[in-house]
Amino acid sequence: FGSSRCGSDYRYCAGVACCSSEVAYPAAAMAITKEEDVQKMLVCKTHLGTRNCDYRMKHYVFRRTVDGIHIIHLGKAWEKLMVAARAIVAIENPADIIVASQRPYGSRAVLKFSQYTGAHAMAGRWMPGTLTNQITSKYLEPRLLMVTDPRTDAQALKEASYASIPIIALCDTDSPLENVDIAIPANNKGKESIALLYWLLAREVQYLRGTLSRSQEWDVMPDAFFWRDP
């Protein structure tokens, strides 16, 4: 991290205090889960941002390294993941959720996420008019859109804003936040980071739906979400 204070104790950077709004499960159990998840995030370099920082992303930045790279606050990233999971669970029909990724590193993660949550995956090129042109055969009317990067998935964001569809996005420190309703601050450039974020989100959605018990570990490894070079 470039700082002895942050490097010696990652908890300082992650803010491992548990969310007080969690009533259904003991706060201690959630704190342990948060601590383990933050450790995974550190391994997958989810905390590494870019040299540039959008002014709206400033409050998600923990500090800046000597070489100018912004470090993302993992405690806030984890909390926003939990918020996003609750938004996803609120949609009765999982097929009404579109998960899009034009970024190649996110394509496998998006497909795996849809496999475990029932969402509609759109990996690869976004067909213009998917949400706005009723004449096309691929026209869709989702209730929620999730994108891997607001900049590369700009077309999807623009169409969703026209159709008043709520948007969840993985946002790096330099990502534009126009039309984004729930921004998850994280490294959306690395394949391990993208995969882990979708894995954590898929696991939390299953916990909230009750298909997976919080007392047991999810037997699917984050490695299954990693992009592999064909």
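## A helix-to-helix salt bridge

R86 is partly exposed, with a relative accessible area of 29%. The model is predicted. What does R86 form with E204? The two form a salt bridge, and their closest N and O atoms are 3.5 Å apart. R86 belongs to helix α4 (residues 74-89) and E204 to helix α7 (residues 191-209), so this pair ties together parts that are 118 residues apart in sequence.

Is E204 buried or exposed? E204 counts as buried, because its relative accessibility is 1% and the cut-off for buried is under 20%. R86 has 29%, which falls between the 20% and 50% limits and therefore makes it partly exposed.

## A salt bridge between two loops

R103 and D149 also form a salt bridge. Here the closest N and O atoms are 2.3 Å apart. The pair links distant parts of the chain, 46 residues apart. R103 sits in the loop between β3 (97-101) and α5 (104-117). D149 sits in the loop between β5 (144-147) and α6 (154-162).

Both partners fall under the 20% cut-off for buried. R103 counts as buried at 17% relative accessibility. D149 counts as buried at 3%.

## A salt bridge network

The side chains of D174 and K189 meet in a salt bridge, at 3.5 Å from N to O. Where do these two residues lie? D174 is in the loop between β6 (167-171) and β7 (182-185), while K189 is in the loop between β7 and α7. The pair therefore ties together parts that are 15 residues apart in sequence. D174 counts as buried at 18% relative accessibility, whereas K189 counts as partly exposed at 31%.

Which residues are joined into one network? Salt bridges with shared partners connect R151, D172, D174 and K189. The salt bridge count for the model comes to six. In general, side chains of opposite charge can pair when their charged atoms come close.

## The sheet

How many strands form the open sheet? Five do, in the order β4-β3-β5-β6-β7. Their pairing is parallel. The edges are held by β4 (120-123) and β7. Each has a single partner strand, so one side of each is left without a neighbour in the sheet. From one strand to the next, the twist averages 15 degrees.

A169 has A183 in β7 as its bridge partner.

Helix α7 lies across β3, β5 and β6. It runs at about 150 degrees to β5.

Helix α7 also packs with α5, at an angle of about 10 degrees and with axes 9 Å apart. The two helices are therefore roughly parallel to each other, since angles under 35 degrees count as such. On the α5 side, the contact is made by Y105, G106, A109, V110, F113, Y116 and T117. On the α7 side, the contributors include I194, A195, Y198, L201, A202 and V205. K191, Q206 and R209 of α7 also take part. By class, this contact has eleven nonpolar, three polar and two charged residues.

Methods
Residues are numbered from 1 along each chain as its sequence is written. This is a predicted model: local features need pLDDT of at least 70, side-chain atom pairs count only at pLDDT 80 or more; totals for chains, interfaces and linings use all residues. Side-chain values use heavy atoms; hydrogens and water are left out. A salt bridge is a side-chain nitrogen of Lys or Arg within 4 Å of a carboxyl oxygen of Asp or Glu. Helices (H or I, at least four residues) and strands (E, at least two) are DSSP runs, numbered from the N terminus. Buried means under 20% relative accessible area, exposed over 50%, partly exposed in between (1.4 Å probe, protein chains only). Axes are lines fitted to C-alpha atoms, for helices over the stretch in contact, and angles run from 0 to 180 degrees between N-to-C directions. Angles under 35 degrees count as roughly parallel, over 145 as roughly antiparallel, 65 to 115 as roughly perpendicular and the rest as oblique. Contact means heavy atoms within 4.5 Å. Ala, Val, Leu, Ile, Met, Phe, Trp, Tyr, Cys and Pro count as nonpolar, Asp, Glu, Lys and Arg as charged, and the others, Gly among them, as polar. Two strands pair if DSSP finds at least two bridges between them.
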